[in-house]
Amino acid sequence: MEKFSKLSAISPLNEKSKSVLLIDQNKLPRKLTYMKCRNWEQVAVAIEHLSVRGAPAIGVAAAMGLALAALQAGDKHFDSTMQIAAARLRKTRPTAINLFWAIDRIMSIVEMDLSITEKRKKIIEEANYMRNEDIRVNKSIGENGKILFEDGDVVLTHCNTGGLATVKYGTALGVIRAAWNEGKHVEVIADETRPKLQGSRLTAFELQYDGIPVTVICDNMAGHFMAQGKIDKIIVGADRIVRTGHVFNKIGTYSVAVLAKYHGNIPFYVAAPTSTFDLEQSYDEVIIEDRDPREVYFMPGVTKRIVPKGVPVLNPAFDMTPPELITAIITERGIIYPPYEENIKKIMP
Ligand code: MRU
């Protein structure tokens, strides 16, 4: 059974040592080690450097960062310290809305009419609650989504949406885990996911850990295998889903969705918690994170350049998949089918 779920990408807050443990995802797959964050700045840097990544994990990590700030802030400057920590964490990554959702949720406690001692206690409780809630929500996504998969399915996925991208279970990989645990023998094809290789480094790592069959392909091989009829279904996660059903996810997701449509409408599913929905912004207002060009100049773990000096590169971290390419969106509240604008409203009161 799921051995990976014995691990946790984010530990509960340790009040005694005033710290939080994160699996250092940059060390995977070579080494499974934890980094200890002792303050919000360390959490912010861990998010920026992708030591912790994946929309739900970023959200819970930010909540933990604020809980560390609450533990450390003196009574006199409590509210202002919390504001500074929140502002710093908000600047780490712009696209995954779970980050802002989590920060807003913790900061609403700072606004409450409570004593500093009560606020501190409530913030720590809330951060730990959000961590547990993430696991519960992921399991519900898995339960809701598993009916879409059959025994023998070969399922393509992009990026990492598993226990590493959440607290421990996963969204899209959570659905695969749930199908597998029910006895459906699914096989996973993991896109390597350039430039940071979340597919080959992380998805392959955690599925192998759990004994779920996984094969890695380079991103540019997906069309080839679809043309050969070797992919039955596709499932990905999301960093932000707007009210019209446009999905923002790891760069390359859009290309996979277009390929799926072309190759006879291969079912293309998105799995995400409702905390990933953004009902305020429209798709053309969402900021797509531009990351350091060095991620493209160098392959992770390789010190030699793979692009000649002086040649510019582009490095958007996410892209947008329009609703007409999406078969269904799986959430903890149920499966949403088109028309998305209407049906998202029903599920997100
Ligand atoms: O840049 P990353 O690794 O944080 O991007 C992660 C993704 O795009 C995931 O697909 C998304 O966050 C969903 S994770 C459950």
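A polar contact is a pair of N or O atoms within 3.5 Å; within protein, one must be able to donate a hydrogen and the other to accept it, and residues adjacent in sequence count only if both atoms are side-chain atoms. This is a predicted model, in which local features need pLDDT of at least 70 and side-chain atom pairs count only at pLDDT 80 or more, while totals for chains, interfaces and linings use all residues. Residues are numbered from 1 along each chain as its sequence is written, and side-chain values use heavy atoms, with hydrogens and water left out.

**Contacts of the ligand**

- An N or O atom in the side chain of Asn249 is 2.6 Å from an oxygen atom of the ligand.
- The protein covers 99% of the 420 Å² of accessible area that the ligand has on its own (Shrake-Rupley method, 1.4 Å probe).
- The side chain of Arg53 places an N or O atom 2.7 Å from a ligand oxygen atom, and a polar side-chain atom of Arg93 also lies 2.7 Å from an oxygen atom of the ligand.

**The shell around the ligand**

- Around the ligand are 16 residues (a heavy atom within 4 Å), of which Arg53, Arg93, Asp239, Asn249 and Lys250 come nearest.
- By class, this shell has 6 nonpolar, 6 polar and 4 charged residues (Ala, Val, Leu, Ile, Met, Phe, Trp, Tyr, Cys and Pro count as nonpolar, Asp, Glu, Lys and Arg as charged, and the others, Gly among them, as polar).
- Helix H2 (55–72) and strand E8 (247–250) each supply at least two shell residues (DSSP runs numbered from the N terminus, with at least four residues for helices, H or I, and at least two for strands, E).
- The ligand lies between domain 1 (4–139) and domain 2 (141–347), because both give residues to its shell (bounds from an automatic or database domain assignment).

**Backbone features**

- Most residues other than glycine have a negative phi, and most peptide bonds are trans.
- Leu28 and Pro29 are joined by a cis peptide bond with omega about 5°, and Pro29 lies in the loop between strands E1 (20–23) and E2 (34–37).
- Another cis peptide bond, with omega about 5°, joins Arg194 and Pro195; Pro195 lies in the loop between strand E4 (187–191) and helix H7 (198–210).
- Lys18, in the segment before E1, has a positive phi near 45°.
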